[in-house]
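I opened the model to look up how some of its strands pair and what surrounds them. My entries follow.

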Amino acid sequence: MTEKMTHTPQQIEQELDHIARVAAVMVDGDACRRIVTPRALEYMFKIDPHDRFLAGDNYDVNDAEFNSAKKTLIRLARLAPFACDVNLWMPITGHPDKIQVVIRNVHELSQFWTFGAIDQEMFPPMRTVLETGKPVTVKQRPGMISVLGPVYDSLGDVAGLVEVVSHSS
Amino acid sequence: MKPPVKTTSHPSRRAFLQTALGALAAEHTVPAWSEAADGPARPGARETRLFALPQFLRPDPMGGIVRADRDAAAADDDFQKGQRLSLECPRGAYASFHLVVQTARPGEYSLDLHWSDRSGKIQTDLYREWFHRLRSGDYYPDALVPVPAPHRSRLPEPDNKIENQTTQAFWVDIWVPPDAAPGDYSGRATLEADGKRRTLTLQLKVLPAVVPAEDVVAMDHNSYDASWIASQFPSRVRATSGNFLESDELFRLIHSYHRVFYENHGVFHQLGYGHAGHVEPEFAPALEGEGRGKRIASWDLYDRHYGPLLDGSAFAQTRRGPKPIPFAYLPINPEWPASWLWWGEPGYEAEFTNVVGEMEKHFRDKGWTQTNFEMFFNHKKRYKGFSWDGDEVRYPKDLSYFTEYGRLLKKALPADTPVRLVFRADVSWDMEQQFRELNGVVNMWTCGGGILSWYKGAPKMLRDRGDIVWYYGSPPRVTQPASAITELVLRAWVWDAMGFVHWLAVQPGKDPWFNFTGGGTTLVYSGDRFGLRDPIPSVRLKIQRNAVQELTLLDSFKAQHGLEALKAEATKQFNGSTPDQWWNPRPAFADKPPYEWTNYELNSATEHTRKLFARVDAAAWNRVRQSILQLAREKQ
């Protein structure tokens, strides 16, 4: 649970890394692939010069899969003795250079998400996680630490990743 | 510090939802100056002079009228006769005009203004109009810097930095309190410059009619969190020790924002949480525990923030007097007070009902029973926090969440509570279905103006069942005619809506002073650069205020004249229309599920009103005002 305690950046990083490793076995990659609806994915890359909100207005998720995954992420975040979010990021089939955040959480922390973005250009450290399955620690934004860890499906493939993120002090 | 403000380009309010005038008037081609009629403000040879313009003709810094208002220049024929200005005003209202100083050559000037009023009831506020430089290179006045009379400065104004500026404009507000004696008052404005003295004689006729204290429509001004206050008042942050966002200075400034809107017949809202449920500490009581043990641990920040607003003491020194704010967002969202972890489980209901129940008791104990506390869900699934849209539902499946929250809210509250906790929904695509299916669940509706325009009679239907109904849009940019903002006020009344929401009204942009984007997200400015500790109003806010007070007076005549007849006359005067023409037909595609509608279709469906309002001139409200004053005189 979140408590008011002092932690060094090293301790915080260790906690985040630990949570990312737990997430690798707790988060269901197959179910995560079913969160965003096929219709939303279809509209995500449609371009209409008369409608710049096409992707956002048609964004939709399957409730059951979303809520199940989000509850797991909330539980994971509660392993940390400080304010921490565990966000879910997923690659997009047919668009290997893109990535999308699919679930964010209550502290609204992320080193990667741009407000309002439905999808974003693939970030190199995320590509590394998706390709190697190895966690990556990121400290690109001052005052924040993220550990990116893999999410696996039932075939043992990396289906997506979690961003376990906190303030660094 | 909190993250930077992230709401300036809020994508949830699309262009098609703007009101018709807002959408097209910005592109309205106005006549070149040479085509406009003669008037006292027509630029001529530079000379030292003092003159007045009606509020709908905004001056420019070279002695002319801004481009957007020029085609109404002919309407000021009777405004100033020679060196005499005659004004007329009901009681409990303001009379306003632009007082314009021009000097023959660069140098110092002095401007004074006073009234002969032995009772001391008539009060005057003088504001220097800041000329904002737009990216187009045009200058428009909007921010109003309060100055004392006499006021001394020089032209060109050093801080406004306009090369060859010949003219400085001042907004004059004359406050006529409800207990002022009807009759004639006189005053004088005096300019001294270049060794010359120019005088303008002011005559004010105070009518017996009194504008009712309750506004006929609530003009609401929305905002998100409080971090923008820190960025707009850097000197106040520097002068504050400790965490500014928990400081008395922050709360003083928040109260000051409420005051500037309240004094100008408006409402101010601040939403205190984000799309994934993060609640800023100053917007909610602190919580502790979880499950059945979850409870409120501290009211400290919340009460410092809201206490003076909810008991009205924050408004003690205002002309309108102390009064509790009529509306306030609650911090309730899917992650507060209950954790989404427990959604669908007994723990969610326990956390929600325990904490909301404690809130109701606290409000009741404090006597905060005149404010509508709003349970409102602002999140959208596109921001990836939750699996359903709280704001502007597009998928009917999401309505089940509203039903459940309605149940939870009812369970949390005593049946006989005197505290007003309302369930507010901001609706667009799916409003027709929501009006029907959430009857008895949602009781405060904020409706997208574009789609609401298809549902003639819907606001009245909602009012008749006891619901509150507003519609929303954006502030018109300064480059639209001066009357643009009054159309929003009039539309609410014509539609039987009870209010209008400017979805964002406190974000003037990075550099509103010299690189202005037009003010489509603000109606107030920071006074910081002028050494002021408070926000300052705008010309558009004042024009809106005057329209509200005059419309409130008009509505008070409905017992004698009938509401529909008054509407017919007002719309006729405004733009030669009828009230029916302020609605659009319900389009055929509205029979399809809302998630199949396209924004192209939505734009097409409001074409009728867009065309109707595309040619509204700057003097449109002035004609309505004159007809209202005529009724007031007849009543006299």
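I began with strand 16 (residues 327–329) of chain B, which runs parallel to strand 17 of chain B and is joined to it by 3 bridges. Here two strands pair if DSSP finds at least two bridges between them; helices (H or I, at least four residues) and strands (E, at least two) are DSSP runs, numbered from the N terminus.

The model is predicted: local features need pLDDT of at least 70, side-chain atom pairs count only at pLDDT 80 or more, and totals for chains, interfaces and linings use all residues. Residues are numbered from 1 along each chain as its sequence is written, with chains lettered from A and ligands numbered from 1 in the order in which they are written.

I noted that Tyr329(B) stands opposite Glu374(B) in strand 17 of chain B. On strand 18 of chain B, Val422(B) is opposite Glu374(B). Strand 17 of chain B also runs parallel to strand 18 (residues 420–427) of chain B, with 5 bridges between them.

**Open sheet, chain B**

I then traced an open sheet of 6 strands in chain B, order 2-3-11-10-5-8, with mixed pairing. Strand 2 (80–81) and strand 8 (151–155) of chain B stand at the edges with a single partner strand each, so one side of each has no neighbour in the sheet. Strand 3 (residues 84–91) and strand 11 (residues 196–210) of chain B run parallel, joined by 7 bridges.
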